[in-house]
Amino acid sequence: MSGPLDLSLTEAVGATKSGGISTSELVRAYLARIARWNDTYHVFLDVLEESATRRARELEQLSAEEREALPLYGAPIAIKDNLVLDRGSTTAGSRILEGYHAPYAATVVERLERAGAVVLGKANLDEFAMGSSTEHSAYGPTLNPWDPARVPGGSSGGSAAAVAARLGLAALGSDTGGSIRQPAAYCGVVGLLPTYGRVSRYGLIAFASSLDQVGPITRTVDDAAALLAVIAGFDPRDQTSLHEPPPAVFPEASVKGLRLGVLSSYPDGMDPVVRAALEQTMRALQDAGAHLVPVELPEPTRALAAYYVIAPAEASSNLSRYDGVRYGLRKDAEGLYALYDETRAAGFGTEVKNRVMLGTFALSAGYYDAYYGRAMAVRKTIAEGYDRIFGQVDALLCPTTPDLPFRLGERLADPWRMYLSDLYTVSFNLAGLPALSVPTGLHSGLPTAVQVAGPRLSETLLFRIGRAIESVAPPMPAPDLKEGGAA
Amino acid sequence: MTLDNGAEVIIGFEVHLELNTATKLFCPCATAFGAAPNTSVCPVCLGHPGVLPALNQEAVALAVRAAVALGCRINLVSRFDRKNYFYADLPKGYQISQFDRPLAESGSVALLGTDRKVRIRRIHMEEEAGKLNHEGESLWTADSSLVDFNRAGIPLIEIVSEPDMRSPEDGRLYLHSLIRTLSYLDVSDLRMEEGSLRCDANISLKPAGYEGDLEDLPRVELKNVNSIRNVVRGLEYEIARQAALLDVGGTVARETRGFDDASGTTLSQRSKEAANDYRYFPEPDLLPLRLEAAWVDEVRQALPMLPEAWAAKMMGYGVRGQDAEVLVSDPGLVRFAEATHAAGAPFPDVVSWILGDVARLQNAHHLPYGEGPLCAERLARLMALIGDGTLSGRMAKEVLEAIYDDDEDPDAIVAARGLRQVSDIDALTIIVGTVIDANGKVAEDFRAGKDKALAFLVGQVMKATRGQAEPAVVNRLLRERLLGGNPL
């Protein structure tokens with residue numbers, strides 16, 4: 001298959017601007033494919049067919065000059081359903097927000113639309129972004145486009161699957177402990193966790209505020225750079241956003257002379273296929289002139305422990321607002337506290353409840369120092385550890401996940417194994433550092449990927465290395481979508 | 001205050017103050033009081049999914065102004081924290097407050113009329129909750145409750161005192177002294193009845209011989225009492241209640257109690273043991289609040305003159321201490337006195353005018369001092385017209401009333417009404433002669449010793465001058481003519 005759906009973001013925007021294809025044709029092609037496959041793969045929770053069609057027509061009315069000024073002119077994009085939009089529904093994958101219509105739009109979505117993008121719909125996710133498989137979506141899992149018996153990863157599984165399956169040209173996801181990079185790796189697409197504060201969180205439904213970042217999921221590194229350039233930058237409505245100009249869009253591709261940190265050891269349980277793919281990439285980059293420097297990740301296991309204290313603690317507070325009083329689900333009951341109990345019992349799924357309980361406990365009087373306080377201390381140690389590492393190397397190369405996409409249902413009964421897939425991702429969230437996952441090819445029909453991380457605000461460098469990885473990896477074909485899926 | 005059983009009364013206060021910013025603490029919604037319910041709201045103050053707080057710099061400036069006026073040390077780095085609890089008026093399920101790194105610490109308030117001070121432990125910033133309107137007695141027994149979120153997110157400061165007060169009277173003095181200082185700062189409306197100022201009193205009894213930490217005494221928190229008078233009543237009731245408990249060997253429960261105005265008693269609201277664990281943790285959506293020392297100095301330099309300094313200044317003008325205290329009880333009053341003085345009126349006459357007729361008329365017209373028809377310049381001019389003999393005191397009062405009615409300058413009113421005191425002795429002497437001639441019988445009565453007769457003659461002269469003669473002068477002239485020689 002080769003047609004408008006196979007164009008990358010950069011190519012498609014070039015084509016819409018030059019008139020090679022109209023914005024309506026491009027959007028129509030995506031909507032048609034969504035209509036054909038969304039029921040099977042369950043990528044979108046809400047398809048904004050009408051507003052996308054209207055928007056595409058409006059864009060066609062623009063003059064050539066006006067089009068030229070729009071870096072994402074006509075680009076059909078999927079939005080993770082924890083980003084609010086002033087139309088359609090916003091559920092965050094939860095029953096508690098069933099039927100909720102947000103009264104405003106997230107800053108990142110406003111910026112996309114102002115740049116000429118067309119929002120196709122709201123992509124599926126693990127409830128409130130808590131999960132690594134989208135199996136924790138209250139509305140059912142998304143299937144992996146490469147193998148419908150497997151998970152697409154999560155929590156931005158819908159966004160990554162949309163981009164891989166050509167149900168979206170690009171997507172926005174959010175990443176709290178790996179939620180962009182892990183599904184990008186599982187779906188064979190590019191995913192970026194930006195530096196904390198690089199992108200506004202205003203309108204991102206909070207999971208763990210000090211860790212959450214919005215970022216792009218795309219088919220190519222250049223596309224990720226193009227999307228980041230639009231969504232990055234200070235937002236007065238998010239006081240934790242940084243006064244930094246967006247990074248350059250078209251970095252060079254050479255890694256010649258760069259010092260790349262590589263892991264001197266790997267933990268048990270790492271899939272040999274993942275390791276082989278990583279080592280192959282390492283050799284190729286070395287051949288391209290990079291110097292490989294062995295390093296140790298700071299506190300890898302303690303990082304996971306700290307993450308699973310800090311993220312639930314913040315989540316327990318962030319999710320308090322879902323109480324049935326003002327919006328969303330309400331279970332009427334005798335008295336206020338009964339209303340809270342019944343609404344929250346009915347509205348939250350098991351994984352969310354687990355984390356709210358965990359977080360409430362970690363913040364409780366008498367336990368704060370032992371849990372939250374200690375976790376924050378570990379977090380500081382990790383950040384300092386990366387400061388030292390990035391004093392020695394320009395960037396770090398490591399796996400995105402220790403494994404390949406797992407089977408639906410395989411880990412639902414084993415949350416600890418589910419959490420282990422965050423092993424290589426969480427520490428960059430804890431340290432607030434940028435990290436990019438880049439596909440390295442297919443193994444037995446399943447995608448493999450590597451992760452490149454760097455110091456604060458080093459996105460341009462990460463794109464440069466990412467491009468080099470793309471250039472040494474075999475080209476990623478489009479997955480062959482099939483009926484059926486998980487039996 | 002020491003009780004019969006030797007126990008000592010220990011009182012401290014937490015005062016919540018709504019800052020009078022134009023907009024809320026974390027969103028651009030207006031803070032106007034009295035708007036229709038839920039009209040001054042937005043996704044941020046309603047706690048919609050995805051919103052973030054954006055700190056209002058004006059609120060920080062007002063909070064710092066209050067803190068420096070109360071002599072606090074400003075923490076150049078302070079932090080916001082989340083105080084987590086569930087309630088229907090709390091949109092996010094947590095209140096953004098400041099926990100262990102407050103904006104300001106270690107200030108004091110001088111107790112009015114004493115040489116004692118109450119120490120301020122800390123001042124921190126936080127956001128208001130919404131307002132519940134119950135259809136029934138309380139949230140728990142009401143058939144339904146309506147929530148108004150207009151108030152949600154209005155900036156507050158909480159002023160926490162040390163437990164330095166020893167009697168309800170100390171408490172009353174503290175609140176008066178605190179409110180008086182704050183009233184000079186224009187940081188808050190300070191209206192207890194509207195809830196823009198709320199005080200919670202902490203009270204415990206320290207048994208004779210107790211050597212431990214005051215914080216460890218069983219303490220009752222008296223919540224949200226709506227007037228200073230009721231604070232005093234509530235404290236008095238609590239002292240009696242707790243003392244009675246201790247006298248029979250009972251223990252005082254650590255709890256929150258509400259004051260019931262009708263019965264004058266306090267009622268248990270919830271016990272502290274069962275109270276929420278607020279699970280404070282640093283607010284990740286806001287950066288630590290960093291202030292420049294130079295900016296804090298600017299705020300300190302820009303403080304207005306405070307009541308103690310004003311009182312000293314007034315006494316420097318020769319105003320009696322008692323009057324000075326009355327003047328400084330209201331910053332508008334003392335500033336008006338000063339402005340009238342600056343416009344040329346002498347002390348202490350200014351004080352008798354302002355505390356007398358001006359106070360009466362401003363109150364009758366519900367006007368703050370300096371606002372409405374009577375400006376300092378008009379009052380000063382009116383007083384000048386008395387000083388130069390143009391107006392009698394009685395005429396001046398008429399002109400003052402007319403200023404409120406007509407909103408005109410005193411000179412214009414004098415001209416329009418033809419009010420001009422006749423003090424020309426020659427002219428008056430002629431009129432006096434005419435009146436005596438026309439009332440020979442009355443004049444005889446007076447000469448015969450009937451003092452009352454003189455009043456009639458004065459009245460006749462006043463009538464002949466259409467009230468513009470100065471009565472004292474008329475009196476003197478009549479006596480001279482009737483009795484001859486020096487009337488004294």
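This is a predicted model: local features need pLDDT of at least 70, side-chain atom pairs count only at pLDDT 80 or more; totals for chains, interfaces and linings use all residues.
Residues are numbered from 1 along each chain as its sequence is written, and chains are lettered from A in the order in which they are written. Local features need pLDDT of at least 70, side-chain atom pairs count only at pLDDT 80 or more, and totals for chains, interfaces and linings use all residues, while side-chain values use heavy atoms, with hydrogens and water left out.

**Exercise 1. Describe the largest nonpolar core and the contacts of A:F128**.

Step 1. A nonpolar core is a set of buried Ala, Val, Leu, Ile, Met, Phe, Trp, Tyr and Cys residues joined through side-chain atoms within 4.5 Å. Buried means under 20% relative accessible area, exposed over 50% and partly exposed in between (1.4 Å probe, protein chains only).

Step 2. The largest core has 166 residues, and A:L72, A:L112, A:F128 and A:Y386 touch the most other members. Its largest share, ten residues, comes from helix α10 (residues 300-318) of chain A; helices (H or I, at least four residues) and strands (E, at least two) are DSSP runs, numbered from the N terminus.

Step 3. Leaving out residues up to four places away in sequence, the contacts of A:F128 include A:A92, A:I96, A:F207, A:Y322 and A:F348. Contact means heavy atoms within 4.5 Å.

Step 4. A second, separate core of 108 residues includes B:I159, B:L222, B:L391 and B:V414.

**Exercise 2. Locate two cis peptide bonds and two residues with positive phi**.

Step 1. Most residues other than glycine have a negative phi, and most peptide bonds are trans.

Step 2. A:G154 and A:S155 are joined by a cis bond with omega about 10°; A:S155 sits in the loop between β3 (118-123) and α6 (157-164) of chain A. The bond between B:F347 and B:P348 is also cis, with omega about -5°, and B:P348 is in the loop between α7 (331-342) and α8 (349-364) of chain B.

Step 3. A:A129 has a phi near 70° and lies in the loop between β3 and α6 of chain A. A:A129 is buried, at 3% relative accessible area.

Step 4. B:N38 has a phi of about 55° and lies in the loop between β1 (8-18) and α1 (57-69) of chain B. B:N38 is partly exposed, at 33% relative accessibility.

**Exercise 3. Into which domains is chain B divided?**

Step 1. The domains are domain 1 (8-296), domain 2 (305-417) and domain 3 (425-483), with bounds from an automatic or database domain assignment.

Step 2. Taken over C-alpha atoms, 34 Å separate the centres of domain 2 and domain 3 of chain B.
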